[in-house]
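Reader: I've got this one open on my screen and I'd like to go through it with you. Could we take it piece by piece?

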Amino acid sequence: MSWELLLGLCALLLLVVQLLRFLRADGDLTLMWAEWQGRRPEWELTDMVVWVTGASSGIGEELAYQLSKLGVSLVLSARRVDELERVKRKCLENGNLKGKDILVLPLDLTNTSSHEVATKAVLQEFGKIDILVNNGGRSQRSLFVDTSLDVYKELIDLNYLGTVSLTKCVLPHMIERKQGKIVTVNSLMGILSVSLASGYCASKHALRGFFNGLRSELGAYPGITISNICPGPVQSNIVKNALTEEVMKSVGNDGDQSYKMATSRCVRLMLISMANDLKEVWISDHPFLLLAYLGQYMPTLTWWLSSKLGKRRIENFRSGMDADFSYFKPLKKKHD
Ligand SMILES: NC(=O)c1ccc[n+]([C@@H]2O[C@H](COP(=O)([O-])OP(=O)(O)OC[C@H]3O[C@@H](n4cnc5c(N)ncnc54)[C@H](OP(=O)(O)O)[C@@H]3O)[C@@H](O)[C@H]2O)c1
């Protein structure tokens, strides 16, 4: 066999392997590689002080449970103290922590004047902040033409400015120590955009732009990592809590969540991203993962597809179903 033919066969084999990996993937290929060959969260994230916002529910709550098994010190923040206390109790029951290792710190992300005091409280309690997980946030389910401008302001105040404000309080401490991780739960909607969530997409696009800009300002501090975590649909209360046409209105019910990625799987992949200092990760089943890749290389095709999907989302939503239900369900994979 000639060398040229052998090389050609190797290239073809590599292509087939990559294609198979991609079809089975529930995250971008760098993340999948890190899961297979990279550093383990169990080795990298122990003995750290981790501050999680939005810890009273969904992704943040599950993150608290998985982190509590790694032996970190935890700061749990959100608005509802009783829910945070519930999460703390469960962390103590199932994890490796003692009461003194978990601080419940109520925090409203939109009340930016309280963020400095909150940061001081964490430093007073634990003396350092190794990881800030900017996770708290809300989504949207309403058409632009029907929606009050106040909803757009609220989404920017909470998802974008609230996160920027807390980061501004914590970053000087990390700069002083020349180390730290700022991990932000963004969304695939910070890369793509869909109907019924124009304000949410805008707030997440803004966050991605902000953190990518900030990362490039921190070149002199290689010990500080800025990570954007971009999940697709994940089981949580995000739809129930999503804003609708008016600020005081939310969707109020979860709909069928069974087709979405299990929260535990999403959080495991987040921990792998943190352990490996990945700068941006996409965590999603297909077809959203495929759309994210297509969006990079074939934007025109992607926008055409997303307007087709967008029409279906609106029809689903109007008939009382979860917006993504009908086209996502047949592709559902079980991960746990
Ligand atoms: N689930 C998904 O499909 C998905 C996909 C992509 C990205 N995400 C992102 O993941 C993050 C977590 O959402 P989730 O899915 O876990 O939804 P969730 O179950 O509704 O949890 C949202 C969390 O944010 C907190 N929060 C809301 N408003 C707040 C405020 N003003 N100040 C402080 N905390 C506030 C909530 O706590 P309180 O109500 O107690 O304040 C709650 O703990 C969000 O940033 C979301 O955009 C979710």
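Reader: Is strand β5 (residues 180-185) mostly enclosed or mostly open, and how many of its residues are buried?
Author: This is a predicted model, where local features need pLDDT of at least 70 and side-chain atom pairs count only at 80 or more, while totals for chains, interfaces and linings use all residues. Residues are numbered from 1 along each chain as its sequence is written. Strands are DSSP runs of E with at least two residues, and helices are runs of H or I with at least four, both numbered from the N terminus. A residue is buried if 20 or more other C-beta atoms lie within 10 Å of its own, exposed if 12 or fewer, and partly exposed in between, with C-beta atoms placed from the backbone; β5 is largely enclosed by the rest of the structure because the buried residues number six of six.

Reader: Which residues of β5 point the opposite way from G180, I182 and T184?
Author: In a regular strand the side chains alternate between the two faces of the sheet. In β5, G180, I182 and T184 take one side and are buried. The other side, also buried, belongs to K181, V183 and V185.

Reader: Which residue of β5 stands opposite N134?
Author: Two strands pair if DSSP finds at least two bridges between them. Strand β4 (residues 131-134) runs parallel to β5, with four bridges joining them. Across from N134 is T184.

Reader: What is the handedness of the β4 to β5 crossover?
Author: You call a crossover right-handed if, with the strands pointing away from you, the path from the first strand over the helix to the second runs clockwise. β4 and β5 are parallel, with four bridges. The chain goes from β4 through helix α7 (residues 149-177) to β5, and this β-α-β crossover is right-handed.

Reader: And on the β6 side, which helix does the chain pass through from β5?
Author: β5 also pairs with strand β6 (residues 224-231), in parallel, over six bridges. K181 sits opposite T225 there. The crossover from β5 to β6 is right-handed too, and its helix is α8 (residues 198-217).

Reader: Why is helix α9 (residues 263-275) called largely enclosed?
Author: Its buried residues include C266, V267, L269 and M270. After the helix comes D277, with a positive phi near 50°. α9 counts as largely enclosed because its buried residues are ten of the 13.

Reader: Last one: what does the UniProt record say about residues 1-25?
Author: In the model that span is 88% helix and 0% strand, with its end C-alpha atoms 34 Å apart. UniProt positions are given in the numbering used here, feature names are shortened, and annotations may be inferred rather than shown by experiment. The UniProt entry, which is unreviewed, annotates residues 1-25 as "signal peptide".
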